[in-house]
Amino acid sequence: MSAKYDELASITVCMGSSCFARGNGDNLEVIEQYLAENNVRARVELTGSRCEGLCAEGPNLIVNGRPFQKVDRGMLLDLLREVCPTTESTYE
Ligand code: FES
């Protein structure tokens, strides 16, 4: 419960057409909903990017500099809990 929140988490969502169609449209909604419901929006730098040339592996995200491919809702929620933990992680 004594997590440190000194540093902003960084999440970059590929918003190229392939990644968007493969799931990043929904993933972006999951991220925004998680941040809003847990009142942690100020702790995350959320940005979008254009096609990163890895369309076949999408949907792609970069979290704190680490690339993630084929990101689905379950993986995304695990990542959010890791980089932006809350005291009440009831979001499912
Ligand atoms: S659209 Fe995301 S890598 Fe191409």
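Trainee: How many helices and strands does the protein have?

Mentor: Helices (H or I, at least four residues) and strands (E, at least two) are DSSP runs, numbered from the N terminus. By that rule the protein has two helices and four strands, and from the N terminus on they follow the order β-α-β-β-β-α. Keep in mind that this is a predicted model, in which local features need pLDDT of at least 70 and side-chain atom pairs count only at pLDDT 80 or more, while totals for chains, interfaces and linings use all residues. Residues are numbered from 1 along each chain as its sequence is written.

Trainee: In what order do the strands form the sheet?

Mentor: Two strands are said to pair if DSSP finds at least two bridges between them. Here four strands form an open sheet in the order β2-β1-β3-β4, with mixed pairing. The edge strands, β2 and β4 (66–68), each pair on one side only. From one strand to the next, the twist averages 20 degrees, where angles run from 0 to 180 degrees between N-to-C directions and axes are lines fitted to C-alpha atoms, for helices over the stretch in contact.

Trainee: In which sense do β1 and β2 pair, parallel or antiparallel?

Mentor: β1 and β2 (residues 44–49) pair in the parallel sense over six bridges, and A9 has V44 in β2 as its bridge partner. β1 and β3, by contrast, run antiparallel and are joined by three bridges.

Trainee: What do β1, α1 and β2 make together?

Mentor: A crossover is called right-handed if, with the strands pointing away from the viewer, the path from the first strand over the helix to the second runs clockwise. In this model β1, α1 and β2 make a right-handed β-α-β unit.

Trainee: At what angle do α1 and α2 pack?

Mentor: Their angle is about 35 degrees, and the axes of α1 and α2 lie 10 Å apart. Residues are in contact if their C-beta atoms, placed from the backbone, lie within 7 Å, and here the contact is made by N27, V30, I31 and Y34 of α1 together with R73, L76 and L80 of α2. Leaving aside neighbours within four places in sequence, L80 is in contact with I31 and Y34.

Trainee: Which residues of the largest nonpolar core touch the most other members?

Mentor: A nonpolar core is a set of buried Ala, Val, Leu, Ile, Met, Phe, Trp, Tyr and Cys residues joined through C-beta atoms within 7 Å. A residue is buried if 20 or more other C-beta atoms lie within 10 Å of its own, exposed if 12 or fewer, and partly exposed in between, with C-beta atoms placed from the backbone. The largest core has 14 residues, of which I11, I31, L61, L76 and L80 touch the most other members. The elements giving two or more residues to this core are β1 (9–14), α1 (17–37), β3 (61–63) and α2 (73–83), and α1 gives the most, with four residues. Of the 92 residues of the protein, 23% count as buried.

Trainee: Why does R43 count as partly exposed?

Mentor: R43 counts as partly exposed because it has 17 C-beta neighbours inside 10 Å. R43 sits in the loop between α1 and β2, and its C-alpha atom is separated by 10.0 Å from that of P85, although the two are 42 residues apart along the chain.

Terms used: Contact = placed C-beta atoms within 7 Å.
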